[in-house]
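Keep the picture open as you read, and look for each part as it comes up.

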Amino acid sequence: MTRTEFWQGNTACAEGALAAGCNFFGGYPITPSTEVAEHMAAKLPKRGGVFIQMEDEIAGIASIIGAAWTGARAMTATSGPGLSLMMENIGFAAMTETPCVVINVQRGGPSTGQPTMSAQGDMMQVRFGSQGDYAIIALCPATVQEMFELTVKAFNLADKYRVPVFLMADETIGHMREKVIVPDTVERVNRKPLVPGTLPFKADADLVPGFPQFGKGHHVHVTGLTHDERGYPAATNPKLHANLVQRLVDKIENARNDMADYDVINPGASRVFIAYGAPVRTVQQVMYDLNDTDIGFLRLRMVWPFPEKALAEFKNAKAFFIPEMNLGQMAREIERHIKLPVISIPKIGGELHTPADLISTLEAHP
Amino acid sequence: MRNEVRFSGFGGQGIILSAVIVGRAAVIYDNKYAVQTQVYGPEARGGASMSQVIIDDDPILYPKVATPDIYLIMSQEGFEKYGAVAEDPSVMLIDSTLVHSRPKCRCIEIPATREAKLTLKKDIVANIVMLGALVAATHVVSEESLRKAILDSVPKGTEDLNLKAMQLGLQLGKQP
């Protein structure tokens, strides 16, 4: 069974978290993500969950890391300035393999920038912002429906891979209201429990260690220092460090094809748009208006790890067009994977690309 | 069939709520698609507030309004900032109690704030009077759907007052 709602994107995100069984929210409200925290504050305690408004975003993510280690499905929500503050603990979550969900409703940056305007300027920061080598997962909703669905998915991926998962929304989708079909139940992928007698950071074939269940007799040391399979610091052992960090990266990057989430439209086309988040909507409008099978579209729902295999699905492609509400962050990533021309269509200032913006770029590259 | 409706007035009149009610009526009760957006800047706190709704029989791709075909304007500042650009063949409903200018396009004058105050003794429901008039004049959503969406959205205990305001608006909007 389903029901129909007319929800704001941020409301749909919070409802997705509740449907996924999120039972801990810690964070600090910031425009344009505030409605996520407001909705969780109103709903979560009534369902037996915990909502804590922390003193800042640093404490917000620290609280969800702690909650996750007690077994909670934990989430925070923020925007760019808050994501910047969270960076140290995002690395800590990656190093300690803590499943948690961070909602980032992007606004114009750098710094305080444009609190009420839309942007996608944090796409590289979210991948590489904390020190050292690590990997994360990032999802990008383009509809209010996907604010719900991808939040659910974020929790499942976080638990499956024991990694921070980011919903990289933008102000456009976070603040608009539209139709949402809400299912009665959602899929739930639980953490793989640690087998008794196994070391807590000894990974299985999938490169993911089992999770020690709180209160089930495990004694686990959790540290951001380079640690051995027992969890004890081993920060001067070069080989151990190399193996650990390589595994943290490989457990995500090696699974990129398994977890890839994208749509391919008109795979035989010669000119191909690639978009994620709000610009997807502009590309869809242009595709509809032009009705030209020689224009293709790769619509990404998962941006990190980047699904490079998707590029190969466009066998006749001669050029890729990348509209982003930043100065070409993912265009640079895409250039890394293909030898064909990559035409960045950057737009900053806070407004979504118009169909005319994209059509004029197509006309300039016939 | 697609309509793009722009609402503007001053903060506190219920401009945003009006747009949400129309979107909700379209999506939940008329089984159509709608996207509602609004201006979030600091000017929305006391200055001219603005919200837009797209209503379509088919899924809405590009979510931003380019050229509204219907305007609902409830303050002079809102007119100057968000209504003055209107041209034919758009239609504009104005609260003639509060808006002194008139647009270049077809204009339907609804003395919503005056009528709400005189007839219902509550000018706070002027926005609901305007919604009734909007639906009578443009049929952007059905009357029954508007009624249900209003009941979903207004505080408990104010249902009768708001339904009377809607009825008043329906009458005012039907006048030639």
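Start with chain A, which is divided into domain 1 (2–183) and domain 2 (262–364). Bear in mind that this is a predicted model. If you take the centres of domain 1 and domain 2 of chain A over their C-alpha atoms, 25 Å separate them. The two domains touch, and the contact takes 24 residues from domain 1 of chain A and 19 residues from domain 2 of chain A.

Which parts of domain 1 of chain A each supply at least two residues of the side that touches domain 2 of chain A? You'll find β6 (114–118), α5 (123–128), β7 (137–139), α6 (144–161), β8 (164–170) and α7 (171–175) of chain A there.

Now zoom in on a pair of helices in chain A. Two packed helices are described by the angle between their axes and the distance between the axes. For helix α1 (residues 9–19) and helix α2 (residues 34–43) of chain A, the angle is about 45° and the axes are 8 Å apart. Because of that angle, α1(A) counts as oblique to α2(A). The crossing of α1(A) past α2(A) is right-handed. On the α1(A) side, the contact is made by A:N10, A:T11, A:C13, A:A14, A:A17 and A:L18, while α2(A) brings A:E35, A:V36, A:H39, A:M40 and A:K43.

The crossing of α3(B) and α4(B) is right-handed. From α3(B), the contact uses B:A112, B:T113, B:E115 and B:A116, and from α4(B) it uses B:A126, B:V129, B:M130 and B:A133. These divide into six nonpolar, one polar and one charged.

So how do the chains meet? There are 16 residues of chain B in contact with 16 residues of chain A. In chain B, α1 (15–29) and β2 (33–38) each supply at least two residues of the side that touches chain A. Ten residues on that side of chain B are nonpolar, four are polar and two are charged.

Strands join up between the chains too: β9 (residues 177–183) of chain A pairs with β2(B) in the antiparallel sense, over two bridges. To spot this pairing, find A:R177, whose bridge partner in β2(B) is B:Q36.

Terms used. Residues are numbered from 1 along each chain as its sequence is written. Chains are lettered from A and ligands numbered from 1 in the order in which they are written. This is a predicted model: local features need pLDDT of at least 70, side-chain atom pairs count only at pLDDT 80 or more; totals for chains, interfaces and linings use all residues. Two residues are in contact if their C-beta atoms, placed from the backbone, lie within 7 Å. Helices (H or I, at least four residues) and strands (E, at least two) are DSSP runs, numbered from the N terminus. Ala, Val, Leu, Ile, Met, Phe, Trp, Tyr, Cys and Pro count as nonpolar, Asp, Glu, Lys and Arg as charged, and the others, Gly among them, as polar. Two strands pair if DSSP finds at least two bridges between them. Axes are lines fitted to C-alpha atoms, for helices over the stretch in contact, and angles run from 0 to 180 degrees between N-to-C directions. Angles under 35 degrees count as roughly parallel, over 145 as roughly antiparallel, 65 to 115 as roughly perpendicular and the rest as oblique. A crossing is left-handed if the near helix is turned anticlockwise from the far one by less than a right angle, and right-handed if clockwise. Domain bounds come from an automatic or database domain assignment.
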